[in-house]
Amino acid sequence: MTQISNLLPLLIPIIVLELILIIAALIHIFRHKTYRFGNRLLWVIIVLCFQLIGPIVYFIFGRGDD
């Protein structure tokens with residue numbers, strides 16, 4: 001238990017960053033209809049399953065031009 005409490009100062013910012021990226025990616029996915037690759041369902045699955053990497057991949061490769 002003490003090991004986890006020692007790691008919390010490092011883990012909390014990573015978890016917060018992850019949640020912000022997921023929420024921003026999902027908001028962008030549901031507000032826009034065009035994507036460079038794939039469709040809405042594919043990007044939602046990628047963002048939710050690959051928690052930290054999924055939103056980054058979406059913003060680099062999936063976000064369409066508006």
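I take buried to mean under 20% relative accessible area, and exposed to mean over 50%. The model I am reading is predicted.

**Entry 1: H28**

I looked up H28 with that cut-off in hand. Its relative accessible area is 13%, and the limit for buried is under 20%, so H28 counts as buried. I placed H28 on the chain next and found it in helix α1. I then checked its distance to L41, a residue 13 positions away along the chain. The C-alpha atoms of H28 and L41 are separated by 13 Å.

**Entry 2: the whole chain**

I listed the secondary structure. The chain has three helices and zero strands, and along the sequence the pattern reads α-α-α. The radius of gyration is 14 Å, whereas the globule rule gives 11 Å for 66 residues, so the chain is more spread out than a compact globule. I also took the box filled by the C-alpha atoms, which is roughly 45 × 20 × 15 Å along the principal axes.

I noted burial for the chain: 26% of the 66 residues count as buried. The accessible surface comes to about 5000 Å², and carbon and sulfur atoms hold 73% of that. For contacts with a separation of 6 or more, I find that 57% join residues 24 or more positions apart.

**Entry 3: helix α2**

Which residues of α2 are buried? I went through residues 40–49 and noted W43, V44, I46 and V47. Seen down the helix axis, these buried residues fall within an arc of 165°, so they line one face of α2. As background, I recall that an α-helix has 3.6 residues a turn, so residues three or four places apart point the same way.

I turned to the other side of α2, where L41 and C49 are exposed. L41 is the residue I had used for the distance to H28.

What do the buried residues of α2 pack against? I find α1, residues 2–31, and α3, residues 53–62, as their partners.

**Entry 4: α2 against α3**

I looked at how these two helices meet. Their axes come within 7 Å and cross at roughly 145°. From α2, the contact uses W43, I46 and V47. From α3, I wrote down G54, P55, V57, Y58, F61 and G62. Sorted by class, the contact has seven nonpolar residues, two polar ones and no charged ones. Gly is put in the polar class here, and G54 and G62 are both on the α3 side of the contact.

Notes:
Residues numbered from 1 in each chain as written. Predicted model: local features only at pLDDT ≥ 70, side-chain atom pairs only at ≥ 80, totals over all residues. Heavy atoms only, no water. Helix = DSSP H or I, 4+ residues; strand = E, 2+ residues; numbered from the N terminus. Rg over C-alpha atoms; globule rule 2.2 N^0.38 Å. Buried < 20%, exposed > 50% of the residue type's maximum accessible area, 1.4 Å probe, protein only. Contact = heavy atoms within 4.5 Å. Areas by Shrake-Rupley, 256 points an atom, 1.4 Å probe, with all protein chains shown as cover. Arc of directions from axis to C-beta. Axes fitted to C-alpha atoms, helices over the stretch in contact; angles between N-to-C directions.
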